[in-house]
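Subject: Structure for your review

Dear colleague,

Please find below the structure that I am handing over to you.

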Amino acid sequence: MKKIIITSTVMILHALLINVHAQSQKPEIVTDRPDQTEAPVLVPRGAVQVETGFVYENDREQNVNTTNYTYNTTLIKYGINENFEFRFISEYLGEQTLIEETPVKRSVKGLSPLAFGFKVKLADERGFWPQAALIGHINIKSGAKEFAPDYTAADFRFTFAHTLSDKFSLSYNLGAEWNGETPEADFLYTLSLGYAITKRMAAYIETYSFFPETSKADNRADAGITYKFTPVVQWDVSGGIGLCSNAPDYFLSTGISFRLLK
C-alpha cells in the first residue's frame with residue numbers, strides 16, 4: 001500500500017511539474033484591457049483568448065445623476081495566423097438615471113450591439129519604429145432596443161507600442177468610431193505608459209480623448225494594475241476620472257482574461 005501511495009504521489013508531482021513547465025513555455029497573455037489603449041500584439045495562431053470584465057461609471061450634472069453599468073463586457077479573439085486575428089465583442093449594459101428631489105427614476109438593461117472585427121499586423125518593433133497593428137470592427141443592428149443603433153456602425157484604430165526599457169513601455173492609438181445614432185464620427189487618441197512592477201504584476205497610467213465632429217471633446221484619464229496568475233490568466237483592476245464637463249465624473253473596472261488552446 002505504501003509503495004502504491006508513494007508511486008501515485010510521484011506521478012502526480014511529475015504531472016504538475018510538466019504542466020507548470022508547459023505553462024512557462026507559452027507566450028504570455030497580452031490583453032486589450034483594462035486600459036483604453038489597444039495592444040498591437042496578436043493572439044497566437046489557433047488560440048482563443050477571452051477578455052471579460054465589469055465597469056461602473058457615474059456622472060452628475062446639476063440635479064441629474066446617471067449611472068452606467070457594463071455588467072459583462074466580453075471580447076473573444078481567435079488567432080487565424082501570425083498576421084491576422086478575428087474578434088467578437090458582446091456587452092450586457094445597464095443605465096440608471098435619477099432626478100434628485102423628485103420620484104423620477106429611469107432604469108434600462110440589455111445587450112449592446114454585437115461587433116465583429118479583426119486585428120492585422122502592420123510592423124514589428126525595430127529601433128525607433130514601433131510595433132504596429134490595425135484594428136477594425138463592424139457593429140451590426142442588434143441588441144436591446146434601448147441600445148441598438150439606428151444603422152450599422154463601425155470603428156477603426158491604429159495601435160502602436162514602444163519598448164522604452166526592461167520596465168517601461170509606451171503605447172498609443174489613433175482612430176475613429178461611429179455610434180450608429182448619427183452619421184458623425186468621434187475621432188480618438190489614447191496614450192498609455194506601462195511599468196512592470198514584477199514579472200507578474202504591472203501598472204499603467206493613461207490619458208485619452210474622444211473628439212466628436214459636432215460637439216465638445218470628452219477627455220479622460222485612468223490608471224490600473226494587472227496581475228498574471230499564470231502566463232495565460234490575468235486579472236485587472238482600474239479606475240479613472242473625467243477631465244471635462246462632457247466626461248463622466250469617475251469610473252471603475254475589474255476583469256479577468258485567459259487564453260485557451262495555446
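Setting aside residues up to four places away in sequence, L170 touches F160, A161, H162, L164, L191, S192 and L193; a contact here means heavy atoms within 4.5 Å. L170 belongs to strand β8. Strands (E, at least two residues) and helices (H or I, at least four) are DSSP runs, numbered from the N terminus. With a relative accessible area of 25%, L170 is partly exposed. On this scale, buried means under 20% relative accessible area, exposed means over 50%, and partly exposed lies in between, with a 1.4 Å probe and protein chains only. The C-alpha atoms of L170 and Y195 are 9.1 Å apart, although the two residues are 25 residues apart in sequence.

Before going further, please note that this is a predicted model, in which local features need pLDDT of at least 70 and side-chain atom pairs count only at pLDDT 80 or more, while totals for chains, interfaces and linings use all residues. Residues are numbered from 1 along each chain as its sequence is written, and side-chain values use heavy atoms, with hydrogens and water left out.

The chain as a whole

The chain contains one helix and 13 strands. Read from the N terminus, the order of the elements is α-β-β-β-β-β-β-β-β-β-β-β-β-β. Along the principal axes, the C-alpha atoms fill a box of roughly 75 × 50 × 35 Å. Of the 262 residues in the chain, 36% are buried. Among the contacts with a separation of 6 or more, 52% are between residues 24 or more positions apart.

Aromatic rings

A pair of aromatic rings is described by the distance of the centres and the angle of the planes. Rings of Phe, Tyr and Trp (its six-membered ring) pair if their centres lie within 6.5 Å; planes under 30 degrees apart count as stacked, over 60 as edge-to-face and the rest as tilted. The structure holds 16 such aromatic pairs. In one of them, the ring centres of Y56 and Y250 are 6.1 Å apart and the planes stand at 40°, so this pair is tilted. Y56 is in strand β1 (residues 48–61) and Y250 in strand β13 (residues 250–260), so that the pair links distant parts of the chain, 194 residues apart. Y250 is partly exposed, at a relative accessible area of 34%.

A tilted pair is also formed by F168 and Y195, with 4.9 Å from centre to centre and 45° between the planes. Because F168 lies in strand β8 and Y195 in strand β9, this pair ties together parts that are 27 residues apart in sequence. F168 counts as partly exposed at 36% relative accessibility, and Y195 counts as partly exposed at 35%.

Which residues do ring pairs link into a cluster? They are F54, Y56, Y69, Y71, Y92 and Y250.

β7 (153–163), β8 (168–177), β9 (186–196), β10 (201–212) and β11 (218–230) each supply at least two residues of the lining. β9 gives the most, with five residues.

Loops

The peptide bond from R33 to P34 is cis, with omega near 10°. P34 is placed in the loop between α1 (2–25) and β1. Q62, in the loop between β1 and β2 (64–81), has a positive phi near 55°. Q62 is exposed, with a relative accessible area of 74%.

Yours sincerely
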